Amino acid sequence: QVHLMESGGGLVQPGGSLRLSCATSRSIFSISSMGWYRQAPGKQRELVARITVGGTTNYADSVKGRFTISTISRDSAKNTVALQMNNLKPEDTAVYYCNVRVLFGGEDWGQGTQVTVSS
């Protein structure tokens, strides 16, 4: 059974920062990439940032220069990835989901963590 756990959401003022973390129990040898998606009320889920095992990154245009996804690293027997979010804006408010793409098909989703940017 695969375990995927997210942490780090919360309430922050505009211009502030948050760091999201995601940990998966999947072996690194079965992972193609890890990333973050978000879904705001009334909107479709969208890609925020993704990184492959090889280190190639992909960001949504709306977060380039503000968000940084970490490399996939090993921590306490889990593979983890973090999303550093700086200069947050109200339009970044959404539920953020961790996503793991598996080699040869399939993907895992986290339960989601709420990020609210408001004064």
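## Around Y96

Y96 touches E6, L20, W36, Y37, R38, V48, F67, M85, G112, T113 and V115, leaving aside residues up to four places away in sequence. A contact here means heavy atoms within 4.5 Å. The model is predicted: local features need pLDDT of at least 70, side-chain atom pairs count only at pLDDT 80 or more, and totals for chains, interfaces and linings use all residues. Residues are numbered from 1 along each chain as its sequence is written, and side-chain values use heavy atoms, without hydrogens and water.

## The nonpolar core

Y96 also belongs to the largest nonpolar core, which has 27 residues. W36, L83, M85 and Y96 touch the most other members. Such a core is a set of buried Ala, Val, Leu, Ile, Met, Phe, Trp, Tyr and Cys residues joined through side-chain atoms within 4.5 Å. Buried means under 20% relative accessible area, exposed over 50%, and partly exposed in between (1.4 Å probe, protein chains only).

At least two core residues come from each of β3 (18-24), β4 (31-39), β5 (46-52), β7 (67-69), β9 (78-85), β10 (94-102) and β12 (113-117). β10 gives the most, with 4 residues. In soluble globular proteins, nonpolar side chains tend to be buried together.

## Overall build

The protein has 0 helices and 12 strands. Helices (H or I, at least four residues) and strands (E, at least two) are DSSP runs, numbered from the N terminus. The radius of gyration is 14 Å, close to the 14 Å that the globule rule gives for 119 residues, so the protein is as compact as a globular protein of that length. That radius is taken over C-alpha atoms, and the rule is 2.2 Å times the number of residues to the power 0.38.

Buried residues make up 40% of the 119 residues. Of the contacts with a separation of 6 or more, 54% join residues 24 or more positions apart.

## Loops

A77 counts as exposed, at 53% relative accessibility.

E91 is in the loop between β9 and β10. E91 is exposed at 57% relative accessibility. E91 and V117 are 26 residues apart in sequence, but 7.6 Å apart in space, C-alpha to C-alpha.
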